[in-house]
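Dear colleague,

Please find below the structure that I am handing over to you, together with its sequence.

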Amino acid sequence: MAKLISTLFISADGVAEIDPEWHFPYFDENMGRAVSEDYETADVLLIARPTYDSFAGAWPEREAAGGEDAPFAKQLGDIRKIVVSRQPREFTWRNSELLRGDLVEAVTALKQDDGVRGILIPGSLSVVQQLLAAGLIDELRLLVHPVAARKGRRLFDEGDRPYHLKVAAAEVFPTGTIRVIYTPGEAPGQAGYEDTKGKVTPEG
């Protein structure tokens, strides 16, 4: 079964709707390496329409310009891109297609497709939230910036139950950005206040 990975830039207060003002000052070679590693996991990109429009408005031109980011732009152009949109649309960027039918059903089938090695969701917050709720995301890869954005959409929306996560890997960059990879997990156990008494003692 193909692994489904979400990769997001996120602020310390949970905002995953990035603002260039707080994002780009922390982008260095370490973050670039992490992003490259994320893209190497997949042969399919699953993208919400706004994210797709942003990508399609920039990367084809960068590929054509032949600058230092042209190889990555070509990689994005070559990979299969499935766009989540409620409206029919025509695509000019190669290897782009519209997701057909219900999101959860389509992604479940895609994960079970023997011809798919891995699926990556870059950004696309609304898609991530729906697939988290459906229990379909295998890894949540976050690049946590050491800044409180204070405005913007947050990754975790309100719901009836918490998401318990397990830390699969973590790395601190020189900028203070933390790369953390979460997988679905479970609570350590049932506990309340009575179970915590005596575990914190004053020093001295």
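Of the 204 residues of the protein, 39% count as buried. Please bear in mind throughout that this is a predicted model. The protein has 8 helices and 8 strands, and its C-alpha trace spans about 65 × 40 × 30 Å along the principal axes. Among contacts in the protein with a separation of 6 or more, 71% are accounted for by residues 24 or more positions apart.

The sheet

The 8 strands form an open sheet with mixed pairing, in the order S4-S3-S2-S5-S1-S6-S8-S7. At the edges stand strand S4 (96-98) and strand S7 (165-172); each has a single partner strand, so one side of each is left without a neighbour in the sheet. From one strand to the next, the twist averages 25°.

S3 and S4 run parallel and are joined by 3 bridges. In this pair, Lys 81 stands opposite Ser 96 in S4. Helix H3 (residues 49-56) packs on the sheet, where it touches S2, S3, S4 and S5, and its direction makes about 110° with that of S2. H7 also packs on the sheet. The strands touched by H7 are S1, S2, S3, S5 and strand S6 (139-145), and the direction of H7 makes about 105° with that of S2.

Strand S1 deserves a separate paragraph. Of its 9 residues, 7 are buried, so S1 is largely enclosed by the rest of the structure. S1 runs parallel to S5, to which 5 bridges join it; within that pairing, Lys 3 has Gly 118 in S5 as its bridge partner. S1 also pairs with S6 in the parallel sense, over 7 bridges, and here Thr 7 stands opposite Arg 141 in S6.

The buried residues of helix H6 (residues 103-111) are Leu 103, Ala 106, Val 107, Leu 110 and Lys 111. Seen down the axis of H6, these buried residues fall within an arc of 135°, so they line one face of the helix. The elements covering the buried residues of H6 include strand S1 (3-11), strand S2 (44-48), strand S3 (80-84), strand S5 (118-122) and helix H7 (125-133). The N-terminal end of H6 is capped by Asp 102, which has a side-chain oxygen 3.1 Å from the backbone nitrogen of Val 104.

In H7, the residues Leu 125, Val 127, Val 128, Gln 129, Leu 131 and Leu 132 are buried. These buried residues of H7 pack against S1, S2, S3, H6, S5 and S6. Just after H7, Gly 135 takes a positive phi of about 70°.

How do H6 and H7 pack? The two helices meet at an angle of about 75°, with their axes 10 Å apart. That angle makes H6 roughly perpendicular to H7. Leu 103, Val 104 and Val 107 in H6 meet Val 127, Gln 130 and Leu 131 in H7.

Two individual residues

Ser 96 lies in strand S4. Is Ser 96 buried or exposed? Its relative accessible area is 16%, and a residue counts as buried when that value is under 20%, so Ser 96 is buried. The side chain of Ser 96 is joined to that of Tyr 52 by a polar contact of 3.0 Å, and it reaches the backbone oxygen of Trp 93 at 2.9 Å. Leaving aside residues up to four places away in sequence, Ser 96 touches Tyr 52, Lys 81 and Phe 91.

Glu 186 has its place in the loop between strand S8 (178-184) and helix H8 (193-196). With a relative accessible area of 74%, Glu 186 is exposed. Its C-alpha atom is separated by 6.6 Å from that of Leu 165, a residue 21 residues apart from Glu 186 along the chain.

With kind regards

Definitions and conventions:
Residues numbered from 1 in each chain as written. Predicted model: local features only at pLDDT ≥ 70, side-chain atom pairs only at ≥ 80, totals over all residues. Heavy atoms only, no water. Buried < 20%, exposed > 50% of the residue type's maximum accessible area, 1.4 Å probe, protein only. Helix = DSSP H or I, 4+ residues; strand = E, 2+ residues; numbered from the N terminus. Arc of directions from axis to C-beta. Contact = heavy atoms within 4.5 Å. Polar contact = N/O pair within 3.5 Å; in protein donor to acceptor, adjacent residues only side chain to side chain. Pairing = 2+ DSSP bridges. Axes fitted to C-alpha atoms, helices over the stretch in contact; angles between N-to-C directions. Parallel < 35°, antiparallel > 145°, perpendicular 65-115°, else oblique.
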